[in-house]
Amino acid sequence: MAVLNQYYTGDSDQIGAAEKALIERREALLGPAYRLFYAEPIHFVRGEGAWLFDADGVAYLDAYNNVPCVGHCHPRVVEALSRQAARLNTHTRYLDETVLAYAERLIGTFPPELANVMFTCTGSEANDLALRVARAVTGGKGVIVTANAYHGVSSAVAECSPSLGEHILGDHVRTIAAPDAYCNPNEDTGAIFARAVDSALAEMKASGIAPAALLVDTIFASDGIFAEPAGFLGPAVDAVRKAGGLFIADEVQPGFGRTGSHMWGFERHGLVPDLVTLGKPMGNGHPVAGMVARPELLAEFGKRTRYFNTFSGNTVSSAVGLAVLDVIRDENIRENAGTTGAYLMAGLRNLAAAHPLIGDVRGAGLYIGVELVLDAASKQPASDEAAALVAAMKQRRVLISPAGPNANVLKIRPPLVFSKDNADTFLAAMGEALVELEGGS
Ligand code: PMP
């Protein structure tokens, strides 16, 4: 049973009066479906670069939030947002330069086959739209996802998000095991994953369901972060295409340069998807998201229906998106994700050599997973230890979170401006936290 990093009412007597009052108002106003991080929730009031500051001015090193990819409150993004908001903010039903300038720049970061973009406000909407397109062009309904996938909140994508609970899955959805090279080190990850897709396709066929798509997060974040060996996705994508389905690459987590070597996670696998969905880091915190597509698919979709989404691709969102791309280029953000990510990963591997609790350190660029196990041979998940380590890191003012079906993989994915200094701070805190957990001082 996964131990979640969340606040439970009445669980802690260490919460200050001001925070307690905010929690009570929240519970009264927002109802019970929301969750707060940490047994003792944090009240942040300001952000800058890779740092967040609480109401007492205490600085926390942010190694968790991937949305502010170019850093919290980046001045160029803030300036673009306020400048455009003060001039004009309209939707995509008028002629406008900004949305086209943004579309051109964004599409320019993709392989030439992917030459159209449609804008949404959230990653959920982007996946929802991708499923509509896939179903319209294939005539199929079936979707294959990984066993602990998360693809969003709309009814259609929640049905493809087993991490929300198995009960939520749609009748037309089939789950397959994540490509876990740590658990299966002696086998060909790509071949196993493709075999799982083939079985799901056969099972669908037997149930009279035609496939619409294989939908995967190309870094498998909620499944526990699986990035290696790069290229392993190829055979699975071939399998779904052979059966008449499309490949939808969900880039909400790895996209916009996070993996260091490439702008998009699917590029690490040497693939060109049929549809690509984008979100989180796209607006550095402003709600802009989208779907990039092969034009021939949208030609078919557009024949059957029209598309308008009131807020998506509006003038302000487009100006913000453009500023984010400018900063990624001008500040070598992707390159930094590669070099700092490699430095941090090497430091974590040093810690792994000294602490048997760490069974595996993996990932790409600044998307890193640290899997905690009770012993190296059985690889039994150390879920309680992961929760304790996340709490011990918070005590040292560093933010991370557990991930994976057993919540025993530490998810490390800071803003991409994370520096080597930040990595050193992180590693020092992690070293101390591990010693504390092992009963040292
Ligand atoms: N896909 C993936 C892989 C995600 O991680 C998320 C958000 N965590 C989404 C889709 C949904 O994005 P949003 O919350 O913007 O709707």
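A polar contact is a pair of N or O atoms within 3.5 Å; within protein, one must be able to donate a hydrogen and the other to accept it, and residues adjacent in sequence count only if both atoms are side-chain atoms. By that rule, 17 residue pairs (both at pLDDT 80 or more) are in polar contact across the interface of domain 1 and domain 2.

This is a predicted model: local features need pLDDT of at least 70, side-chain atom pairs count only at pLDDT 80 or more, and totals for chains, interfaces and linings use all residues. Residues are numbered from 1 along each chain as its sequence is written, and side-chain values use heavy atoms, without hydrogens and water.

Domain 1 covers 49-70 + 332-437 and domain 2 covers 75-330; the bounds come from an automatic or database domain assignment. Their C-alpha centres lie 26 Å apart. The contact (heavy atoms within 4.5 Å) takes 34 residues from domain 1 and 34 residues from domain 2.

| Residue | Phi | Relative accessibility |
|---|---|---|
| Tyr38 | near 75 degrees | 7%, buried |
| Ile225 | near 70 degrees | 0%, buried |

Ile225 sits in the loop between E7 and H7. Pro229 is placed in the loop between strand E7 (211-217) and helix H7 (234-242). Helices (H or I, at least four residues) and strands (E, at least two) are DSSP runs, numbered from the N terminus. A cis peptide bond joins Glu228 and Pro229, with omega about -5 degrees.

Technical notes:
Buried means under 20% relative accessible area, exposed over 50%, partly exposed in between (1.4 Å probe, protein chains only).
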